[in-house]
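Trainee: Please take one part of this structure and walk me through it closely. I would like the cut-offs as you go.

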Amino acid sequence: MSIESKSTKNTTELKFKYTLNKPTKVYVLDRKLMEISGLSCSNNQSELLGINDEKGYIFVIDKLTGKVRSTYDFGKNGDYEGIEQVGNIIYVINSSGNIFAFDKGSEKTEKIKLKLKTKNDVEGLGYIPSENLLTLACKGSDTIGKETKDNKDNKDRKAIYSYSLTTNKLNEEPLLVITDEELLNEFNSSTYRLSKSGKKKLKNRLKQFSPSGIAYNESEDLFYLLSSQGKTLIVVNRSSKVIHIDFLNSSVYTQPEGICFDSSGNLFISNEGRGLIPKLVRCSPNN
């Protein structure tokens, strides 16, 4: 179920390209990926890269079959949440906000410590090629450092930070800020017709929004944010305005955690198996 936003003077209406609840293909993944928590497209575009939440392995996945082609051992066991490849380096992030830069050539890993902490609970990693920025989606605290009167945590806000691969610095001002108010405003202004009970159920799901994955769509200059809690996907622009909301069907998306695009515009979403079957969902753009 998707909700389209109305056009305004400041925002062009998004014609959403994907029918997420009727995917093009669903692949059963190897049980090694039972807790797949991050997803990225590789440089050669024929493969996807995935990580298992608890193991220090990078899994190379055939994007046409869902089969694991190979693996890289990049580090110790840990709570790994996101992955991106930039050039010959594969970046992995853990929930504490540490980046692990794995060089495919030397097969060595460099640990990059950021000012983000466990309280920020980083869940997603994306990349903006035009600016050479990694994007870090936090489902926990929206602030950096100790809480003060001027730097107070707000549970109604979710922050996305950026890390420059050019300067090797974290921007301490959020790149995007998603608020509960903005989400509900977009929902309420939508043209989708629902009963009162139907609206209440979807609003309750939307209130659970907590990013588990992020992907930047370069052709649209938009950010796609996935939330396993409430099973929602939202699309936001550079101004943090929510311009699309999609509610994911639990029969297709068991526990959506990873999201990425390939160069053809195909959208991939990985799902943890919850002890049963991990899945990879592919949605091709609508004609």
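Mentor: Start with strand 20. Five of its five residues are buried, so strand 20 is largely enclosed by the rest of the structure. Buried means under 20% relative accessible area, exposed over 50%, and partly exposed in between (1.4 Å probe, protein chains only). Strands (E, at least two residues) are DSSP runs, numbered from the N terminus. This is a predicted model: local features need pLDDT of at least 70, side-chain atom pairs count only at pLDDT 80 or more, and totals for chains, interfaces and linings use all residues. Residues are numbered from 1 along each chain as its sequence is written, and side-chain values use heavy atoms, with hydrogens and water left out.

Both faces of strand 20 are covered. L267, I269 and N271 are buried on one side, F268 and S270 on the other.

Now the neighbors. Two strands pair if DSSP finds at least two bridges between them. Strand 19 (residues 256-261) runs antiparallel to strand 20, and five bridges join them. P256 has N271 as its bridge partner in strand 20. Strands 19 and 20 form a hairpin with five residues between them. In that turn, G265 has a positive phi of about 90 degrees.

Strand 21 also runs antiparallel to strand 20, again with five bridges. Here N271 stands opposite K279.

The loop between strand 20 (267-271) and strand 21 (279-283) holds L276. L276 counts as exposed because its relative accessibility is 59%.

Technical notes
Helix = DSSP H or I, 4+ residues; strand = E, 2+ residues; numbered from the N terminus.
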